[in-house]
Amino acid sequence: MSDREDLPISLNPVKPLVSPEKAAEDWALFEALKSKLLTEEDYQPIAGKRYIKRSGFRKIAVYFGLSDRILEQERVDRDDGSFFWRIVVEVEAPNGRVSTGVGACDSRERRFAHVEHDVYATAHTRAKSRAISDMVAGGAVSAEEMEAELGQEDSTEQLYSVSSVAELEYLLSEHLPDLEEVLTIKEQEEVFRIERARYLDKNLWQEINERISELGGRWVSAGKDSHWSIPKSNNNL
């Protein structure tokens, strides 16, 4: 028997802790904080909408004084060599209120640059961002969660609308930590031109080509002038 079973049962309806006016005021303050605190680099455009990235949720956690810890973590290995991580993170506010978030990542979601590290780190990011969001952000879906949902769909629709070099660098650096040593990105009038900064072996070229294809790009074969090209988004996000 749990301790809660010994408590008297109240038949009174659950009531808000504050008035509607106070709730609206507090929510407006939170929205104002986001607009002042988060920059364009803290958002990721996906399928025509903006989602807060890991960096954005970390900023929110700092300014709300939130702390976090891992409650559970489990790795499940399959016979084919693939695996997934499931992680549960608890976030605590200064007033003692807690929120938990569950995150998972499968090694088969996409081609990871450093699969052992990246799968675990992605699962942890999703769990932590979910817990922070449930605590203070109204349950907003993070960019990393949205990527997982869309990545599991069997669709040829372009999932990302790339409108700046910073966004493109973010999307590629997830798979290429040494991005600046490997590729050079140039913004042109209608496209992003991506050139090889050094020689790429076959496996690395295929990995990069696959990721750029997911972003709506293509390889332009032109001898020494060969490069990748990704159309620029016209969305005003």
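**A serine and some salt bridges**

Mentor: Happy to. Keep in mind that this is a predicted model. Let's begin with Ser 226, which touches Arg 196, Trp 219, Val 220 and Ser 221, leaving aside residues up to four places away in sequence.

Trainee: Where does Ser 226 lie?

Mentor: In the loop between β8 (218–220) and β9 (227–231).

Trainee: And is Ser 226 buried or exposed?

Mentor: Ser 226 has a relative accessible area of 9%, so it counts as buried.

Trainee: Which backbone atoms does the side chain of Ser 226 meet?

Mentor: The side chain reaches the backbone nitrogen of Ala 222 at 2.7 Å. A polar atom of that side chain also lies 2.8 Å from the backbone oxygen of Gly 223.

Trainee: Changing topic: how many salt bridges are there?

Mentor: The count is 16. One of them pairs Asp 68 with Lys 128, with the closest N and O atoms 3.3 Å apart. That pair links distant parts of the chain, since Asp 68 is in strand β3 (residues 67–77) and Lys 128 is in helix α3 (residues 115–136), 60 residues apart.

Trainee: Which of those two is buried?

Mentor: Lys 128 is buried, at 14% relative accessible area, whereas Asp 68 is partly exposed at 35%.

Trainee: What does Arg 75 pair with?

Mentor: Arg 75 forms a salt bridge with Glu 116, and their closest N and O atoms are 2.7 Å apart. This pair joins strand β3 to helix α3 across 41 residues.

Terms used: Residues are numbered from 1 along each chain as its sequence is written. This is a predicted model: local features need pLDDT of at least 70, side-chain atom pairs count only at pLDDT 80 or more; totals for chains, interfaces and linings use all residues. Side-chain values use heavy atoms; hydrogens and water are left out. Helices (H or I, at least four residues) and strands (E, at least two) are DSSP runs, numbered from the N terminus. Buried means under 20% relative accessible area, exposed over 50%, partly exposed in between (1.4 Å probe, protein chains only). A polar contact is a pair of N or O atoms within 3.5 Å; within protein, one must be able to donate a hydrogen and the other to accept it, and residues adjacent in sequence count only if both atoms are side-chain atoms. Contact means heavy atoms within 4.5 Å. A salt bridge is a side-chain nitrogen of Lys or Arg within 4 Å of a carboxyl oxygen of Asp or Glu.
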